[in-house]
Amino acid sequence: MAATPPAATAVVAAGGAHSVFVYGSLMADEVVTAILKRVPASSPALLTNYHRFNIKGRIYPAILPVESKMVAGKVIMGISDAELIVLDAFEDFEYVRRRVQISLTDTSETMHADTYIWSDAEDPDLYGEWDFEEWKRLHMKDFLTMTLGFMDGFERPEHKTRVETYQSFMHEHEQPKSDTQVES
């Protein structure tokens, strides 16, 4: 009898829980922990016929279908229905959750997973290719602070959306210091 691949075992062991392909800030365990309060089992994965774009004015990426392109990311497994609702809220209206087929890079096994695709396929602000390592160096600390702020308010009845939280955080951090004085 053939052994069950580790990824399949994780999904079955979770009682049919969700698998989610992540390709941006959610590849960082620190961000996932801030949102889900745990780090789920994961495996490196590829999504074919998609491209990961930079977004003008944003530090997180977007993916859209693009023939002959590929997005490297990872699949997080064992996501509960409640956690999926939190991820949906985190991704906000900018993304739509879709079911895609991915390939696990460790085993070449294919599987279906949910992922978040940019909701505006005609967005003129999409360009180039987003780089995870560059994001970690330049933006992860601020993004994590923003994410913790979003999660802190998430359970309040009149909380800000993730986009509102992001925009107000970025606005606060782009303002010049008012206590800066020029000496004559």
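Which residues have the most contacts inside the largest nonpolar core? They are Ile-35, Ile-102 and Trp-135, in a core of 51 residues. The structure is a predicted model, in which local features need pLDDT of at least 70 and side-chain atom pairs count only at pLDDT 80 or more, while totals for chains, interfaces and linings use all residues. Residues are numbered from 1 along each chain as its sequence is written, and side-chain values use heavy atoms, with hydrogens and water left out.

**Nonpolar core**

- A nonpolar core is a set of buried Ala, Val, Leu, Ile, Met, Phe, Trp, Tyr and Cys residues joined through side-chain atoms within 4.5 Å; buried means under 20% relative accessible area with a 1.4 Å probe, protein chains only.
- Leaving aside residues up to four places away in sequence, Ile-102 touches Phe-21, Ala-45, Leu-46, Leu-47, Val-75, Glu-109, Thr-110, Met-111 and Ala-113, where contact means heavy atoms within 4.5 Å.

- Helix α2 spans residues 29–36, and its buried residues include Val-31, Val-32, Ala-34, Ile-35 and Leu-36.
- These buried residues pack against β3 (62–79), α3 (81–91), α4 (132–138) and α5 (140–154).
- Just after α2, Lys-37 takes a positive phi of about 65°.
- Met-146 lies in helix α5 and is buried, at a relative accessible area of 1%.
- Although Met-146 and Val-31 are 115 residues apart along the chain, their C-alpha atoms are separated by 10.0 Å.

**Aromatic pairs**

- The whole structure holds ten aromatic pairs, meaning rings of Phe, Tyr and Trp (its six-membered ring) with centres within 6.5 Å; planes under 30 degrees apart count as stacked, over 60 as edge-to-face and the rest as tilted.
- Phe-90 and Phe-143 form an edge-to-face pair, at 6.2 Å centre to centre and 90° between the planes.
- This pair links distant parts of the chain, with Phe-90 in helix α3 and Phe-143 in helix α5, 53 residues apart.
- Phe-90 is buried at 2% relative accessibility, and Phe-143 is buried with a relative accessible area of 2%.
- Ring pairs join Tyr-60, Phe-90, Tyr-95, Trp-118, Trp-130, Phe-132, Trp-135, Phe-143 and Phe-150 into a cluster.

Note on methods. Buried < 20%, exposed > 50% of the residue type's maximum accessible area, 1.4 Å probe, protein only. Helix = DSSP H or I, 4+ residues; strand = E, 2+ residues; numbered from the N terminus.
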